[in-house]
Structure formats: structure tokens, C-alpha cells
Amino acid sequence: MNQKNASATALSLLTLTLFTGAQPAQATAILDVAEIGSYSQIYQINVPNAADYNGGTPSYGVNNAGSPIAGGINRIGYYLELQKAGGPRQWVWASMDAFTQNLGQIGVPVANTGAVWQQNINNLNVASNVGSIFTGSGISTGNIEFWHNCYATDNEVGVPGANGGNYDFGDNNNYTGSCYGSMQVHNYGAGQTLLAWNRWDGGGNGDLGIGNNPSGHPDWTFAGNAGQYTLKSMEIWVQATNHTVPEPLSLALMGLGLIGMGFSRRVGAR
Ligand SMILES: [Ca+2]
Ligand SMILES: [Ca+2]
Ligand SMILES: [Ca+2]
Ligand SMILES: [Ca+2]
């Protein structure tokens, strides 16, 4: 499948939503994230309750990692959308300057991807509908903890403010093998985990959350709560270096035009 243009998809989703009058349960980053128009989708995955990948490829619903981004990758964005039965739909978006040009190494960091990212990230943009999330753009205090290993609480790489006594935004991945697994994006300056999905290499129910875990370890380690969500979708998007940014006005006009066409057709059919 080719990479989908976010704007075109957004229009069809918007049109569909307006005509059916119903917000889809799963909104996707296209409807939630203002900057998504200049990004292309690389991955989507419905997070399973439990996983033990052991280097195998996760069951992505969308996987465009085989289609290279002409001219290179400028930015990478992670989006997590969660909902419990009867609860509010919650989402968070965290985009950052590209930390790799390898699309195969921006998804779930299972062993066969060779991806281990334990580092700061630059120019973090954060958007969310969760009130406790510190949002903003160009944030200079982002970091990621992506690995397939087991890990310990000590602050191995000296992330400012991290607690050596619990699992948070500064931990130690000094173990080998496909054991537990961590996929976490943080804003250490705000003392905040933005999104976390852990234990996809450990078997047993995964750890999944937006923001800091209010009880237990802040980065959701050992929460084992993935089964509590009826909606749990992660999306990963990239912005090409030579991207174009669609103008909001023209997008809106195109949307109105489409709606107008549908409306007159219905009127004419009377
Ligand atoms: Ca720690
Ligand atoms: Ca951590
Ligand atoms: Ca280490
Ligand atoms: Ca494993």
C-alpha cells in the first residue's frame, strides 16, 4: 500500500463523519492532530492485550515501512488513542526531529529491527486531549526509551530529574534478550511520560498509558492494564524533509465544496 496523504484521508473522514453525523469510535491522528497534514502514515497497530514478540513482526494494521520517503525523513510522530468501556476517548501526539532515517526502526522496537533508542529527542511537539499532559511545540526536553530488553529503575544515562528508585523516564536497559520491552516517549522537563506501551515482549497483559501512571510506577511498568481498554490504537507518522504544508483555508474550502456537492445532489433527488 502506498503512503496515504493525510489531507485527502482527512477530507474523506471528515465528509463521512459529517454525513453520518457520528464520530467514529476510533478517530485516528488525522482528526485529532493539527500538524498531521504534512505527515504520512507508516504504521498503525491495534495494541493487543498481551504480546511476546521475541523478534517477530507485530501485527500492524498499517505497515508502510517498505516505501521509502523520497528526500529523507524530517520528523517522526507517535500517536496513542485509548478508551475504556464507558470512559472518555483519550489521545496524545508527540512528534520530534527524526532520530533515524530507517523506517524499519521507528515502530515497535522488537529485536529483529535492531532498534534500541535510549536518548534525547529534539524539537518535541506535544498535543493531547488529556488535561494533565503538558502540551507545546519545540520542547527541548524530550527523550525516548525504546528497547526489547528487560530493564531496571536506575537512571543509566542521567536523564535530568529521573528517579533511580522507580520506573520512569530514566531507566536502565542493561539486560539481554527479548524480555519485557519498552516503548516510551517522555518529556523529562515536565517530569512526564507522554505515552507508554511496555511488556510486549514479556507475555502477560501489557502496560499501556497516556501521561504518568497515577498509581504505581510513573511509566506504567507492571501496570498490566492493557486489557482494560476497549480502544487501544497506536499510529506512527513521518514528515518528509521536502514536505508541503496544505493551507488550512484551501482544505476547508475543498471540504465545503464536497459537502455542497453532496447537499445539492440530495436536494436535486427530491
Ligand atoms: Ca528510573
Ligand atoms: Ca522508563
Ligand atoms: Ca543500557
Ligand atoms: Ca519475549
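This briefing describes the fold of a single chain, beginning with the whole and moving on to particular strands and residues.

The model is a predicted one, and its secondary structure comes to three helices and 13 strands. Seven of the strands form an open sheet with antiparallel pairing, and 42% of the 270 residues of the chain count as buried. The average pLDDT of the chain is 88, with 81% of the residues scoring at least 70, although there are stretches, among them residues 15-24, where the pLDDT stays under 50.

**Confidence in the model**

- Over residues 15-24 the pLDDT stays under 50, and the model gives this stretch seven contacts beyond four places in sequence.
- Residues 261-270 likewise have a pLDDT below 50, and this stretch has one contact in the model beyond near neighbours in sequence.
- Where pLDDT is low, the predicted coordinates should not be read in detail.

**The sheet as a whole**

- Read across the sheet, the strands come in the order β3-β1-β13-β4-β5-β7-β8, and the edges are formed by β3 (62-63) and β8 (136-139), each of which pairs on one side only.
- Strands of a sheet pair through backbone hydrogen bonds, either parallel or antiparallel; in this sheet the pairing is antiparallel.
- Of the contacts in the chain with a separation of 6 or more, 62% are between residues 24 or more positions apart.

**Strand β1 and its surroundings**

- Strand β1 (residues 39-46) runs antiparallel to strand β13 (residues 229-240), to which seven bridges join it, and the bridge partner of N46 in β13 is S233.
- Y43 belongs to strand β1, and this residue counts as buried because 21 other C-beta atoms lie within 10 Å, where 20 or more are required.
- Although Y43 and N63 are 20 residues apart along the chain, their C-alpha atoms are separated by 4.7 Å.
- Leaving aside neighbours within four places in sequence, the contacts of Y43 include Y60, V62, N63 and A65, and also E235 and I236.

**Strands β4 and β5**

- Strand β4 (residues 73-84) pairs with β5 in the antiparallel sense over eight bridges, and in this pairing Y78 has A94 of β5 as its bridge partner.
- The hairpin of β4 and β5 has five residues between the strands, and in this hairpin G86 takes a positive phi near 80°.
- Strand β5 (residues 90-97) is mostly covered, since seven of its eight residues are buried.
- A94 is in contact with G77, Y78, L124, V126, V185, L194 and L195, when its neighbours within four places in sequence are left aside.

- The antiparallel pairing of β5 with strand β7 (residues 124-128) has four bridges; here S95 stands opposite N125, and A94 stands opposite V126.
- In a regular strand the side chains alternate between the two faces of the sheet.
- In β7, L124, V126 and S128 point one way while N125 and A127 point the other way, and all are buried.
- Strand β7 is accordingly described as mostly covered, with five of its five residues buried.
- Two bridges join β7 to β8, and these strands run antiparallel; L124 has I139 in β8 as its bridge partner.

**The nonpolar core**

- The largest nonpolar core has 53 residues, and those with the most contacts inside it are Y79, L80, V92, W93, A94, L195 and L208.
- Strand β4 supplies six residues, which is the largest share of this core.

**Two asparagines with a positive phi**

- Most residues other than glycine have a negative phi, and most peptide bonds are trans.
- N54, although it is not a glycine, has a positive phi of about 50°, and this residue is found in the loop between β2 (50-52) and β3.
- N54 counts as partly exposed because it has 14 C-beta neighbours inside 10 Å.
- N123 also is not a glycine, yet it has a positive phi of about 55°, and its place is in the loop between β6 (117-121) and β7.
- N123 is partly exposed because it has 13 other C-beta atoms within 10 Å, whereas a residue with 12 or fewer would be exposed.

Notes
Residues are numbered from 1 along each chain as its sequence is written. Chains are lettered from A and ligands numbered from 1 in the order in which they are written. Two strands pair if DSSP finds at least two bridges between them. pLDDT is the predictor's confidence in each residue, from 0 to 100. Two residues are in contact if their C-beta atoms, placed from the backbone, lie within 7 Å. A nonpolar core is a set of buried Ala, Val, Leu, Ile, Met, Phe, Trp, Tyr and Cys residues joined through C-beta atoms within 7 Å.
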